[in-house]
Amino acid sequence: MTDSSVSQPNFFEVKKGLFSWIFSLDHKRIGLLYLYSVGSFFLVGAALGVLMRLELFNPGADLIEAKTYNQVFTLHGVIMIFLFIIPSIPAVFGNFFLPIMLGTDDVAFPRLNLLSWWLYVLGALFALSTLVFGDGPADTGWTFYAPYSVKTGTNVSMSVLAAFILGFSSILTGLNFIVTIHRLRAPGMGFNQMPLFAWALYATSWIQLLATPIIGITLLMIVAERMLGIGLFDPSIGGDPILYQHLFWIYSHPAVYIMALPAMGIVSEIIPTFAQRTIFGYKAIAYSSLAIAFVGYFVWGHHMFTSGMSGPAAYIFSILTFFVAIPTSIKVFNWLATMYKGSINVQVPLLYAVAFIFNFLIGGLTGLVVGALAADVHLHDTYFVVGHFHYVMFGGTGFAFFGALHYWYPKIWGKMYNKLIANIAFAILFIGFNTLYFPMLILGIKGMPRRYYDYLPEFHTLNQISTVGSWILIIGLLLMIFNLFKGYFSKQKAPANPWNGITLEWQTQSPPTLYNFDKAPELVEGGPYNYPNAMKG
Amino acid sequence: MEHSFVLPNSGHTYDAKASKLGMWLFLYTELLLFGGLFIVYMVYRSLNPDAFLMASLNLNVWMGTVNTVVLLTSSMTVAMSITAIQLGNSKLSLKLLLITVFAAVVFLVIKYFEWGAKIEHGLWPGMEHFGSLSHGEQLYFYLYFFMTGLHGLHVIVGMIFIVVVMNKIKKGSINKDKNQLLENSGLYWHLVDLIWIYLFPLFYLIH
């Protein structure tokens, strides 16, 4: 590391104090604001998850009763989906690294960026206010299905408004990223010279932009029904609850790809860096993100096979669902091909990326099982579905999030965590995760329905295994967090480029300066992953 | 801290094209917001064609027509104000924007009387007369109040946007060379207009 690059103060040192953070226009600080808020809510959501697993350790209501259980899983879902996964990778790492990776000094609309964080905070306050005001948090499940969401006495209105506000925040982030990618790429960086993380965010942003308004208006209709008596989904006057489900899933299925695509972008960054070679099939990975975003828009009906749908509609939704598997597997094969004959350096981020592939594979394949019409009739609303989407969301996106945290940690804070402890924490997390969720797949096939505080005695053993898994998982999680905090307080500085990466963020000093670059960034010739020392052939 | 080096592709410099692109993207989201309502309208109308027809006879086509003309005119004046400022005539631009805001107020006042008449006739959800309507007619009025109400909110937001822009023109921060914000407010106003162009036939004219 040269000394000249240390002459500038980094973005932490430029200004100090609370206000310099919460009113900051710097994309890096806003990214970290998101990290701290998103991370806190993740821990709250995880605690609620552990609470549910504890209740399910034995059959019967021995810890919490039915209604409380319903409220707990609803709050768990609302927090994990709207406050953690949707903003997680785009708002944290997208904000921090997208401008740097494009070779610029900020997003296109810095003030809008700050506004979207404030909207996030406001939405979070709305969601949490249900704990204090009204008759307790919603007990509808995070899907807020009508007509129950309109009839229940719990405080659905506030939860729904929270989701509306958070959706607005998500739209503004997506809008900002699209314009940033179109207008602020470094001179000489065409779309096909962008890092794949930027491609993934680009596809994600379009979904955020084009899907979120639909749920926005749908949720407003729920609020109008509860507050003004405008009963658009009230079956007693001919309103159609199935129509609500359609409108809900028109957003919420694409939202699954808002959660998954950025994670795939992370994996596409980590793998070439630790294999030290060009990514295999750059364009295939880049365009398959767009393909997933596009096809993903037309598959929402597969959430409703048992709700009442015409035969032809069900066939079409099922076939389209299978189509999504194609671009997804294109990515997986390309990642594997990238590692093949690479000079692989096994570090923590790579382990998380490989774990992502493993978990996502199980999540994806079980997704095809429930996407098939005949199988879905049996498996719908069972623990199989719960297992499936936790494999995709937590095993996939969650692990990619942790991987990104370990990958960019030295860049963000200029320090390094203890690699041995990080490896141990990863192993515990991985084992805990699979112990927690794999039994759910079996329980679902055996017929245990989801969303009940109670179950039949024959499901006892598998539920106990699953609950023990949740304890292992939490130990791994706490160890990981402890290790990251410990690294922050260590005296040893990390080098500017500890992994020998060649995307633009590794050309900046660690932590980056306020304007990221003090000279024009140098693009790598022949694409963003063209490693000069890679073995040929 | 003095920043010596500025990137050619900096995010901190004025970029009219970025601003315009951002506005268009935002307009897509607005269209989709109403798009969800149009789907609901389509489904319920196809399920209750006769009831929707009956209910629509309660609306005052004259008031709707006048409002359409008012909004279309205001769309024209906002477009003219953009041309005026591009030609360097800020004063004319301000006058034209003032007419636009005036038209918006007229629109809202007419809307107020329309809604007022409906409520007087007991057509607001929960009122006695409303309860005697058929299910399809009730759905029609739910949609009528929800969609025109949401549109009315957009008129108010658009007005505020234009007033903010007028203030900036007065201060000179929007001028001949730097007027993207004015154009964005114009785009937004056209959207408000466009949505009304669809609401008007859907609720007043289809027979």
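At what angle do helix 6 of chain A and helix 1 of chain B pack, and how far apart are their axes? The angle is about 145°, and the axes lie 10 Å apart.

## Basis of the model

This is a predicted model, in which local features need pLDDT of at least 70, side-chain atom pairs count only at pLDDT 80 or more, and totals for chains, interfaces and linings use all residues. Residues are numbered from 1 along each chain as its sequence is written, chains are lettered from A and ligands numbered from 1 in the order in which they are written, and side-chain values use heavy atoms, with hydrogens and water left out.

## Chain B

Chain B has seven helices and zero strands. Helices (H or I, at least four residues) and strands (E, at least two) are DSSP runs, numbered from the N terminus. Read from the N terminus, the order is α-α-α-α-α-α-α. The C-alpha trace of chain B spans about 70 × 35 × 30 Å along its principal axes.

## The helix pair

Axes are lines fitted to C-alpha atoms, for helices over the stretch in contact; angles run from 0 to 180 degrees between N-to-C directions. The crossing of these two helices is right-handed, meaning that the near helix is turned clockwise from the far one by less than a right angle.

Helix 6 of chain A contributes Phe168(A), Ile171(A), Leu175(A), Ile178(A), Val179(A), His182(A) and Arg183(A) to the contact. Helix 1 of chain B brings Lys17(B), Ala18(B), Leu21(B), Gly22(B), Leu25(B), Phe26(B) and Thr29(B). Contact means heavy atoms within 4.5 Å. By class, nine of the residues in this helix contact are nonpolar, three polar and two charged. Ala, Val, Leu, Ile, Met, Phe, Trp, Tyr, Cys and Pro count as nonpolar; Asp, Glu, Lys and Arg count as charged; the others, Gly among them, count as polar.

## The whole interface

Chain B gives 36 residues to the contact and chain A gives 52. The two chains bury about 3700 Å² between them, 76% of it on carbon and sulfur atoms. Buried area is the accessible area (1.4 Å probe) that two parts lose on being put together, summed over both.

The rule finds one salt bridge across the interface. Asp15(B) and Arg183(A) meet in a salt bridge through their side chains (2.9 Å, N to O). The rule asks for a side-chain nitrogen of Lys or Arg within 4 Å of a carboxyl oxygen of Asp or Glu. On the side of chain B that touches chain A, helix 1 and helix 6 (135-171) of chain B are the elements that give two or more residues. Helix 1 of chain B supplies the largest share, 17 residues. That side divides into 23 nonpolar, eleven polar and two charged residues.

## Backbone exceptions in chain A

Most residues other than glycine have a negative phi, and most peptide bonds are trans. The bond from Ala146(A) to Pro147(A) is cis, with omega near 5°. Pro147(A) sits in the loop between helix 4 (110-129) and helix 5 (148-151) of chain A. The bond from Ser510(A) to Pro511(A) is also cis, with omega near -15°. Pro511(A) lies in the segment after helix 15 (460-489) of chain A.

Lys341(A) is not a glycine, yet has a positive phi of about 65°. Lys341(A) is in the loop between helix 10 (311-339) and helix 11 (348-371) of chain A.
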